[in-house]
Structure formats: structure tokens, C-alpha cells
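User: I would like to learn how to read salt bridges in a protein model. Could you take me through some cases step by step?

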Amino acid sequence: MVTVNLHEIDTYAKQWIKEAGERIRESFPKTLNIAAKSNPNDLVTNIDQETEQYFIEKIKGTYPDHKILGEEGYGDRLEKLEGVVWIIDPIDGTMNFIHQQRNFAISIGIYEDGIGKIGIIYDVVHDELYHVLKGHGVFLNDIQLSNLKETSVHESIIALNATWVTENRRLPSDLLAPLVKEARGTRSYGSAALEMVYLASGRIDAYITPRLAPWDFAAGIIMIEELGGVATNLRGGKLDLLNQSSLFVAKPGLHGEILKKYLKNGQW
């Protein structure tokens, strides 16, 4: 049986994500010039692909037995999470990257036999590196984050896209409207990875969305659970790390209140 050195993997992953971030920052002048002249989506797709390929080259060159699940499809095709699996989103918040060149992140979740061990999310523009090694706390750069404290809906800021309280194909449009009215405020940042680290760092109190892929939340849920928060789908069930899933993450206490009062314990 091969022993997994998580501290070594964590060190390499942090180094690679910082290097990838620098490569993305170097693309900014080129991105601005081309976006003004042609279809920006093609360029951004190229940057996404190049970033994912960069990670694959580094990971496979160092850990050839590790598996990779990535948004751009250059990794492995997996039916189960056996061994060490890296779940990667090279640019989470692509629309923000195109239009704003900020409010996006690189996200890496590392799982061993289906259990989240390492989560790293890098806010490239602000140079904020959020990271967790399971059992050792969550950090923003070198500052350890405090455990999440219980709060109520009336004192909370909820991350929720306005799409989900208007007519849509995934949720009854009136399901979350009472939550929007009764919360202290709502926000939408356009990047699941950032919305999850904002919860981890106490900038928001909950995040709700009915549609995400595993690479959107694989790293963030490790951080939130490490800090005592709760991560489920919108019906309160276990998250699917191999397929699309809804996502509901919140501070302790608040998760149960929203699930029961507003999400009706999934009975919708």
C-alpha cells in the first residue's frame, strides 16, 4: 500500500496554483487587447485550457498514479473516487474574467478515497490564497480563520443569484423569495469558489445555488466543514462529487433554519 504524504502534496499544490495565477495575470494585457477586437470567449477558453494542462503536466509528472477531474476535460474519466483525485477548476468565474479581470479564482480540491483532504482556492487578482489541510485549520495566506459561529437569517448575508427568485427551470420562483426578504442582505459574486471562501472567512453567511459541477465546490466544502459549517445539496442530502449537483453551504444553525423554513426540507 502506497503511503500518501499529504504535507508534500499540499506544498506542491500551493506552489503550482501560485505559478498558474502568475501566468493568468501575465495574460491580462493580451486579454484586454483581444477582447476589444474579437470574441473574448475564445481567448478565455484558451486560457482555461492552458491552465488546466499546466496542472496536469505538473501533477502527472510528480504523481503519475494520481487522478485528475478537471472542468476542461483534459484529466481522467472517473466513475468513482478511488486513490488520490485532484478536482480542478482552472478559472472559476469565467464571465467575470472576461468582463472584469477580477472576481475569479483557481480552485483545487484533493481527495483520498472520496474524503476531502486538501482544499486550495486562489483569488488571483487580490493574491489571497485560501487553503486547508484537513484537521489542521483553514488559512487565508498565513492567517488562520476562526470557526464559523451560529447566526440567524435576520442577521445574515446570503449569496444568491437573482436568477433563482425569478422564473427558471430549476426552482419554484417563489421558494426563496421569503428568504431574500427576511435576510439582512443578499449578494452575488459570480464565482462559486469565491462565494465559498467568503463564507469561510465570515464575509457572508450562506451560499445557495441549484446548479454546480464538482470542480466548482470540491475545494470549498473541505474548508467550510473544517470550520464547522454545513455543506449539502438543496434538499439537505449528500453532495455528488462526480456529477452536477445543487449546493447549499451555511454557518451552523443557519443551515438548519434555512433548510427547514425556506427550503421546506427538500419537499418541493
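User: Is lysine 14 buried, partly exposed or exposed?

Analyst: Buried means under 20% relative accessible area, exposed over 50%, and partly exposed in between, with a 1.4 Å probe and protein chains only. Lysine 14 has 22% relative accessibility and counts as partly exposed, whereas aspartate 10, at 8%, is buried. This is a predicted model, in which local features need pLDDT of at least 70 and side-chain atom pairs count only at pLDDT 80 or more, while totals for chains, interfaces and linings use all residues. Residues are numbered from 1 along each chain as its sequence is written, and side-chain values use heavy atoms, leaving out hydrogens and water.

User: What joins the side chains of aspartate 10 and lysine 14?

Analyst: A salt bridge is a side-chain nitrogen of Lys or Arg within 4 Å of a carboxyl oxygen of Asp or Glu, and these two side chains meet in one at 3.0 Å, N to O. Helices (H or I, at least four residues) and strands (E, at least two) are DSSP runs numbered from the N terminus; because aspartate 10 and lysine 14 are four residues apart in helix α1 (residues 6–26), about one helical turn separates them.

User: Which residue forms a salt bridge with arginine 203?

Analyst: Arginine 203 pairs with glutamate 128, their closest N and O atoms being 3.4 Å apart. Arginine 203 lies in the loop between α6 (192–200) and β10 (206–212) and glutamate 128 in strand β5 (residues 128–133), so the pair ties together parts 75 residues apart in sequence.

User: How many salt bridges does a search of the whole structure find?

Analyst: The search finds eight salt bridges.
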